Amino acid sequence: MQSCVFCKIVAGEIPCKKIYEDDALFAFEDVNPAAPIHILIIPKKHMETLHEIQDADKELIGSIFVAANEIARKQGIAQEGFRIVANCGENGGQTVFHIHYHLLGGRRMEWPPG
C-alpha cells in the first residue's frame, strides 16, 4: 500500500534501524520506545488489522513469534523475559494500520498494561 508508513519502511523509502529481516518479515526499532528495548515486527505483506488474518496466514503469523524469540535472544532479553503486544483497531490502541507486533523488554513489565 503506497500510503502505509510501514510499507514505506520495508521498501527503504523511510529510514529505520533494522533489527531483523527475512523473506516474509521485517523488524526495526520503534522511534518512540516504551521500554529500553522496543522493536516492531511486521509482515511484509500489508494487512491493516488482525481481523484480516486468514487460515492461509497461519504460517506467517507463527513465524512472527519464532522471529521474536530469535530477536529477544540477540537483544539479551530472552532469559529475563519480554512482552509481545499487538493492538487491533482504534480502541485497541492501533495507530498504524499495518499489522505489527511490539517486542518490549529490558525492564520489568507491569500489569495491567494499559
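Predicted model: local features only at pLDDT ≥ 70, side-chain atom pairs only at ≥ 80, totals over all residues.
**Overall fold**

The protein has two helices and five strands. Along the sequence they run in the order α-β-β-β-α-β-β. The C-alpha trace extends about 35 × 30 × 30 Å along its principal axes. Of the 114 residues, 37% are buried. Contacts with a separation of 6 or more were also sorted by sequence distance: residues 24 or more positions apart account for 53% of them.

**The hairpin**

Which strands form a hairpin? They are β1 and β2, with three residues between them. β1 covers residues 18-21 and β2 covers residues 25-29. The two strands pair in the antiparallel sense, over three bridges. Y20 has its bridge partner in β2, namely A27.

**The largest pocket**

The largest pocket holds about 530 Å³ of space. Its lining counts 31 residues. D30, N32, A34, H38 and H102 lie nearest the centre of this pocket.

Which elements each supply at least two residues of that lining? They are α1 (5-10), β2, β3 (37-43), β4 (82-85) and β5 (101-105). α1 gives the most, with three residues. By class, the lining of the largest pocket has 16 nonpolar, nine polar and six charged residues.

**The largest cavity**

The structure holds one cavity of 30 Å³ or more. The largest cavity has a volume of about 30 Å³. The residues lining this cavity are E48, T49, L50, A86, N87, C88, Q94, I99 and H100. They divide into four nonpolar, four polar and one charged. E48 is the charged one, because Glu counts as charged. L50, A86, C88 and I99 are the nonpolar ones, because Leu, Ala, Cys and Ile count as nonpolar.

**Side by side**

The table sets out the two spaces.

| Space | Volume | Lining by class |
|---|---|---|
| Largest pocket | about 530 Å³ | 16 nonpolar, nine polar, six charged residues |
| Largest cavity | about 30 Å³ | four nonpolar, four polar, one charged residue |

Technical notes: Residues numbered from 1 in each chain as written. Heavy atoms only, no water. Pairing = 2+ DSSP bridges. Helix = DSSP H or I, 4+ residues; strand = E, 2+ residues; numbered from the N terminus. 1 Å grid on protein atoms, 1.4 Å probe; cavity = no way out; pocket = protein on both sides within 12 Å on 5 of 7 lines; lining within 4 Å. Points joined across faces, edges and corners; volume = space filled by probe spheres on them. Buried < 20%, exposed > 50% of the residue type's maximum accessible area, 1.4 Å probe, protein only. Contact = heavy atoms within 4.5 Å.
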